[in-house]
Structures are given as structure tokens and as C-alpha cells.
Amino acid sequence: MSEHGTKDESVDVHEEPDGVLRLTIRGELTEDRARAVFTVIRRVAESGRHVLVLADARHMGIIPPLARKVLTEEVRSARVDAVALVGASFSVRVIVALLAKGIHMITKRPYPQQFFATEEEARAWLFAQREALRAERRPVP
């Protein structure tokens with residue numbers, strides 16, 4: 001595991017060699033687990049790299065109201081460039097979509113997130129997002 005990572009019995013988040021932050025959630029996303037994830041996200045953002053999150057939600061349980069509140073609070077002060085969710089259930093999709101819209105309304109920053117059936121599709125989208133971010137930052141000749 002790189003210096004940018006954390007692991008407990010139901011959440012594993014680490015930076016992969018291609019620069020993607022891989023998040024695997026098993027079971028319920030508690031407030032403490034949500035904070036731990038954002039601690040890693042902040043470290044990557046503070047390093048100056050793009051924050052591209054690949055979230056494996058295939059075994060994710062519920063996101064209780066207190067955890068949703070923590071997510072909303074944490075994302076206000078953390079930069080997240082793109083989130084790709086793989087295998088999210090219908091209820092997780094609804095909650096994540098509502099959170100993303102709320103975050104966008106509160107912060108006025110885009111919050112690109114997308115749902116995918118496969119990891120390959122998710123990675124391709126994240127890499128496209130990274131290229132778009134790089135193109136935005138390039139000086140115009």
C-alpha cells in the first residue's frame with residue numbers, strides 16, 4: 001500500500017500506480033469510514049495530483065443519514081476531480097446522485113461522477129476526465 005491509503009475491515013482506499021484512488025466499500029459506510037476516506041483524498045489533493053476515485057460499490061450497504069452528512073461536509077473542503085462507481089445498487093445510485101447535486105449546489109463546483117457496470121469502463125472514463133483536466137490547465141499558445 002502506498003503512503004496514501006487506509007484500510008479497515010470494510011473500507012480499503014489506496015492510490016494505485018496509474019494515479020487512481022481505489023476505494024472498496026463492504027457493508028455500511030459509517031461516519032468514521034467516510035472521514036477516513038476523505039483523509040486520504042485530502043492527502044492526494046494536497047500533493048497536487050488529480051483526485052480520481054474508482055469506487056467499488058458492489059458490496060456496499062447503506063449510507064445512513066449521519067454518514068451522508070459527513071460526506072457533504074467533507075467534500076466542501078476537499079477537491080475531488082472525478083468519481084467512477086462500479087456496481088452500485090439502485091439505492092446507492094440514488095443517494096450518490098442526490099449528494100452530487102447537493103454538493104454542486106452548495107460549492108458551485110462541478111462534481112463529475114458516473115456509474116459503471118465494469119471497472120474497465122470506469123477506468124476509461126476516469127482517464128478521459130484526467131486528460132480533460134490536463135487540457136484545461138495547459139497554457140494557450
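Glu 119 counts as partly exposed, because its relative accessibility is 21%. On that scale, buried means under 20% relative accessible area, exposed means over 50%, and partly exposed is in between, with a 1.4 Å probe and protein chains only. A word on provenance: this is a predicted model, where local features need pLDDT of at least 70, side-chain atom pairs count only at pLDDT 80 or more, and totals for chains, interfaces and linings use all residues. Residues are numbered from 1 along each chain as its sequence is written, and side-chain values use heavy atoms, with hydrogens and water left out.

Back to Glu 119. Its partner in a salt bridge is Arg 58, with the closest N and O atoms 3.6 Å apart. Arg 58 sits in strand β4 and Glu 119 in helix α4, so this pair ties together parts 61 residues apart in sequence. Salt bridge here means a side-chain nitrogen of Lys or Arg within 4 Å of a carboxyl oxygen of Asp or Glu. Helices (H or I, at least four residues) and strands (E, at least two) are DSSP runs, numbered from the N terminus. Arg 58 is partly exposed, at 44% relative accessibility.

Next pair. Glu 16 and Arg 123 join their side chains in a salt bridge at 2.3 Å, N to O. Glu 16 is in the loop between β2 and β3, Arg 123 is in helix α4, and so the bridge ties together parts 107 residues apart in sequence. Glu 16 is buried, at a relative accessible area of 16%. Arg 123 is buried too, with 16%.

Which residues are linked with these in a network of salt bridges? Glu 16, Asp 18, Arg 22, Asp 56, Arg 58, Glu 119 and Arg 123. The whole structure holds 13 salt bridges.

One more of them: Glu 15 with Arg 49, 2.7 Å, N to O. Glu 15 belongs to strand β2 and Arg 49 to the loop between α1 and β4, so parts 34 residues apart in sequence are tied together. Glu 15 is buried at 13% relative accessibility. Arg 49 is partly exposed at 32%.

Now Glu 74, in helix α2 (residues 65-77). Buried or exposed? Buried, because its relative accessibility is 13%. Its side chain makes a polar contact with the side chain of Arg 42, at 2.7 Å. That term means a pair of N or O atoms within 3.5 Å; within protein, one must be able to donate a hydrogen and the other to accept it, and residues adjacent in sequence count only if both atoms are side-chain atoms.

On to the nonpolar side. The largest nonpolar core has 34 residues, and Leu 23, Leu 29, Ile 41, Val 53 and Ile 63 touch the most other members. β2, β3, α1, β4, α2, β5 and α3 each supply at least two residues. α1 gives the most, with 7 residues. A second, separate core of 10 residues includes Ala 82, Ala 84, Ala 122 and Trp 125. A core is a set of buried Ala, Val, Leu, Ile, Met, Phe, Trp, Tyr and Cys residues joined through side-chain atoms within 4.5 Å.

Last, Val 94. It lies in helix α3 (residues 90-107). At 34% relative accessibility, Val 94 is partly exposed.

That's my tour. Questions, please.
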